[in-house]
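Subject: Structure handover

Hello,

Here is the structure I promised you. Please open it next to this email and follow along as you read.

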Amino acid sequence: MSETVHLTIDGREIAADPTVSILQAYAQSGAELTANVGCMGQGVCGSCRCMVRKDGERQVSTLLACETRVEPGMQVSFIDYFLPAHVHHYDLKDLHDSWGMLDQIRAVFPEAEHCRHCSGCDRACPKGLPVQSGVAFSVAGDIAAAAAVFDQCVMCNLCTLACPENIRPNHLGLFVRRSVAALTLRPIDLMRRLREVASGEMSVNVTLPRVETATAAPRLAAPAQDR
Amino acid sequence: MTSMISHAQALQALRPGADAPMRADGLAVNDLLERFHPDYGAKARVSLRIGANAGAPCHPALAGLLESNALIDDLDLAGAEPLATDVLVIGGGGAGAAAAVTAAMRGARVIIATKLRIGDSNTVMAEGGIQAAVGADDSLQRHYEDTLRGGHNEGDRALIAQMVSDAPEVIRWLIDLGMAFDLAEDKALGSTLLRKKAGGTTASRILCHRDFTGLEMMRVLREAVELQRGIEQLNRCPAVELLSHDDGSCAGAILYDLERRSFVLVRARAVVLATGGSGRLHLQGFPTSNHYGATADGLVLAYRLGARMCDLDSFQYHPTGVAHPRHLAGGLISESARSAGAHLLNGLGERFVDELKPRDVVAAAILRECAEGRGIARDGQTGVFLDARALVAADPDILETRLVSLGHLAAKCGLDPRQEPFLVYPTLHYQNGGVMIDGDGATSVPGLLCAGEVSGGIHGRNRLMGNALLDIISFGRRAGTRAAESLGQRQAGRGGINHVHRWRRALAQAELPADVRAPLLYPSYGNFHLRRTAAA
Amino acid sequence: MNTLNQVLLNPAFQLGADLDGWRAAGGGQGLDAALADPGAIIATLEAADLRGMGGAGFPTHRKWAAAAAAPAPDGDKYVVCNGNEDEPGTFKDRHLLRWTPHQVIEGALIAAVAIRANRVVLYINPHQAEGRAQMRRAAQQWAGTEAVRRIERLIGKPLEIAVVATSGRYIGGEETAVISSLEGGFPFPRRKPPFPAESGCHGAPTLINNTETLANVPHILHHGAAWYRGLGVGDAAGTKLYSLSGDVLLPGLYELPMGTSLHDLIFVHGGGMLEGKAFKGVFTGGPSNTLLTARDLDVALDFDSVRLRRSRLGTGAMIVISEGTSIVRKVAEYIEFFANGSCGQCPSCKAGTFQMARLLDRVDSGRAGPGDIAALRNLCRILPGSGRCGLIDGAVTVVESSLHTFPAEYGVAEPAPAETA
């Protein structure tokens, strides 16, 4: 088998197979794991945020532990999730006059105009999204471009944590994306079907297919006697 | 030990440029399932001895948890922080979030308690999409019949009919919440939704946001919960037991607050259990595509309080879990890939099943190839090929547009999907059965509702792609509505755990062990022990 | 002899923006001496052993010499008086700006003479509104004076004295952040080198000195290096402004001989511990330094002596903690200050201070799990050196030293044993 990699996670010295992720190494180490874990490798839930300092490097990066492979001498610290002290409240229904979109962005996310262009959010993003430009697009009203920036955001909130102006860029991005969908997405096939269902023109007949013509289900083995 | 074909040999057997031939020895569906699907074998079920389903079949590992002792004693409630609310939602996935938002919009005070954080769920991991019959060539009836047939006619017809009829309105509700769906044409108004085909469907019916539909859905729902007034979130607060009234109805739940390391006692007029599935039990040694929290907690809690269940011996093994590299084993390769035209190939370079058959059929076919020596071995892992080479060659942009997640996954696997196929093997994916519900999510226990994967009866013995995301929103909203109706009904009494005492008597009389305790809350490798932690 | 308030806080100099009064009290003579022999200024400072009073304790003459030697490509050189003072427990510069603006400005003018600077920038925290107003008035009073004309003749171009508001942010006091700020941008710290003395504001050589440092300069030039050295205790030179706060009876600003013992500061001048409670420790400087404890009461409060105790004198701020005050809560408070002050460029600074604050909160509220202390120590190893400036390093120093010195407050029995998995 391949050699073992030694690393430190939250102060625990851990020996791991070099093919595993930081999160798997932590789980296999016997540590209690009840937080900072979610999809275990798919990289979509944004739970397993961590800071990583690689051996011999000064830089500390923010990454997702389920997507990062272990390396010898790595030092890792998980970053806890928390409920934010401040959220940007809005109701999409308030937006139904879409002529007010620019004002809405400013009213809901007033901090966005204060972006100091420190690029901390870009550096913090484990997905490498150009977050700062997404903020700028939102402020400028380039809604399509902003929505595109945040399309693959997993809402790990690392940019929110990193932003010194409390902009909460990922939530701004989501606000923009939600607005676009709620205000402009009007598929005509869905509209037609909704009308057909509402009018009773289309419905389900549960007596079909008749039970006798339905194909028989595969047979199951009998329950085992012992467990 | 079954023989396998080496990875190198299998690569050699691939025919470049040509369509792979289909094997001629296909079995009849029932035959294939009975012989190769994990649900149908001798190790797949035992009879439950106590509880509402006594005498009914259940997977042995799950039976051990259902017929287990409670984690807590009466004494543990001393010093627990008491809270009261109209509606308690347990579980922070799509079903729980939909229930919470709906109940709160109807004026109920809601507490949503999650084991990890809101959004940490199988929902966020769903890639393929959501079914809704919106196409002109499609109908609610076809959706209904496909779903019924996919579940081997074992699903509850009324529930299915209601769910498929809800589907168009579910999509509209999601759009109104700000969820984006891919369109067939790029124009603001008058466009139609992009529809994909799914295994076992007779029409293109999968609506999606690229191939991370669940992520899109969950981030919108999570934000909706966070911004909805009237909802209090209790994250890192797993439910360890339900509370009951003396008449056996549900009175709330006991949570364990991992941050404060103490119990919280939540009294509620209605409880919506939306705890999801059980993939992290790794039934029969299978890897799983499931979220870390999928440990069957809701089934255990509901069963102990007397809820009736169904199909507890039926699970879905998704055909295309990652088999190599080992550290990604079990992770999902979305059905979107097959839906878009990727093929399954055995070690001889042959196709062996129509890739768009229902999932149980395709999974059984893969297990058959491996059992009969046509599987592929690589670094101790076995499986068959999922080949997307032709697909990518025909549409070079597809990994940036429709199959974004597939591209990411390929990078993690260290392979180039243009050059090399994935090695795949079935992965434990979905709990088909669960708590029996009516159309509003109500269970046989008054005051206890269920929504999402924890409930059963909708998908029969096999679920179609895209019906899970539909299920959670359709039933999540209905359960939330029903739960909010309990507003102004009789005041919740104190509530207690007398049902646990009754349960312990039943355990003793059936000579079942008292030292097996559940719910598990976390997989075995989470190294969490409530009693040790709570005592510390 | 009364050792209190001999120089900078001398009551005779607490005049506000009154140039005539300043001259009457002996002001202006330092600048005259400097103009009489510009080449001797830096040597005089070296002989006086004047140090950077902003916290570093770096020999002032070395910075001046570097700035003097640096070529000025566009002809410009800058002298910047750093009056951004914003850290908890430090309240010395605001006093000097408010009450002795000429003492400060004269120091800056001498610096201009020494390095041939044509631009003098008085960089003042806008939160000190009164100090800023006094400085602006005082700066105007210098305009057109004979002294200024002599400087202009010496450097061969007009001398510009500007009062500039800082961003008011803590980070804006960092030397390279001062440069960013003066260039009109957000006060982002930059990587060094280049050092500001060589390439600072708009690429011009820029000498940045703390307010207290500059305030000492006229007196040294006036009275001579030997006089200044003689003010200090032992090997230490001059006086120091100590900002005394916390659990003492008489908190306040004290000018004492550099090298006065911690004990004397607290018990002689500060009136002793509040309510007679036992002394527990002192957060010095930023507060981003190693804590001083009861064992350190005898330490001479000068740069070198405090460093021998592995701490730093810093700004001269002494935040005294008694039994009954929680070290962990204080540390958490400071970490939160640093977290809010972090400029955002380096995610490890924001995320690191956040996670440290989380862990400290857990410890403080008695909810710390078994792994939390190990996680905190782990952060203390990972974070240092990861930022562009020293902010994160300072934050780590406070956490690490409090954890090392007061393990019981963290619920740890013994000082850090070797980590076990």
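His202(C) counts as partly exposed because it has 15 C-beta neighbours inside 10 Å. The scale runs like this: a residue is buried if 20 or more other C-beta atoms lie within 10 Å of its own, exposed if 12 or fewer, and partly exposed in between, with C-beta atoms placed from the backbone.

Before going on, note that this is a predicted model: local features need pLDDT of at least 70, side-chain atom pairs count only at pLDDT 80 or more, and totals for chains, interfaces and linings use all residues. Residues are numbered from 1 along each chain as its sequence is written, while chains are lettered from A and ligands numbered from 1 in the order in which they are written.

Back to His202(C). Its phi is near 50°, a positive value in a residue other than glycine. Look for His202(C) in the loop between α9 (175–182) and β4 (206–210) of chain C. Helices (H or I, at least four residues) and strands (E, at least two) are DSSP runs, numbered from the N terminus.

Asn5(C) also has a positive phi, near 55°, and is not glycine. Asn5(C) sits in the segment before α1 (19–24) of chain C. It has 17 C-beta neighbours inside 10 Å, so Asn5(C) counts as partly exposed. Most residues other than glycine have a negative phi, and most peptide bonds are trans.

**Two cis peptide bonds**

The bond from Leu208(A) to Pro209(A) is cis, with omega near -10°. Pro209(A) lies in the segment after α8 (188–198) of chain A. The bond from His324(B) to Pro325(B) is cis too, with omega near 0°. Find Pro325(B) in the loop between β13 (315–322) and α10 (335–339) of chain B.

**Chain B against chain A**

Here 81 residues of chain B are in contact with 62 residues of chain A. Contact means that the C-beta atoms of two residues, placed from the backbone, lie within 7 Å. On the chain B side, α7(B) gives the most, with eleven residues. That side divides into 40 nonpolar, 23 polar and 18 charged residues. Ala, Val, Leu, Ile, Met, Phe, Trp, Tyr, Cys and Pro count as nonpolar, Asp, Glu, Lys and Arg as charged, and the others, Gly among them, as polar.

**Two helices in chain C**

The axes of α2 (residues 29–36) and α10 (residues 211–223) of chain C come within 7 Å and cross at roughly 65°. That makes α2(C) roughly perpendicular to α10(C). Axes are lines fitted to C-alpha atoms, for helices over the stretch in contact, and angles run from 0 to 180 degrees between N-to-C directions. Angles under 35 degrees count as roughly parallel, over 145 as roughly antiparallel, 65 to 115 as roughly perpendicular and the rest as oblique.

Which residues of α2(C) meet α10(C)? They are Gln29(C), Gly30(C), Leu31(C), Ala33(C) and Ala34(C). Their partners in α10(C) are Val217(C), Pro218(C), His219(C), Leu221(C) and His222(C). The residues of this contact divide into six nonpolar, four polar and no charged.

Eleven of the 13 residues of α10(C) are buried, so α10(C) is largely enclosed by the rest of the structure. Among them are Thr211(C), Glu212(C) and Ile220(C). Just after α10(C), Gly224(C) takes a positive phi of about 100°.

Best wishes
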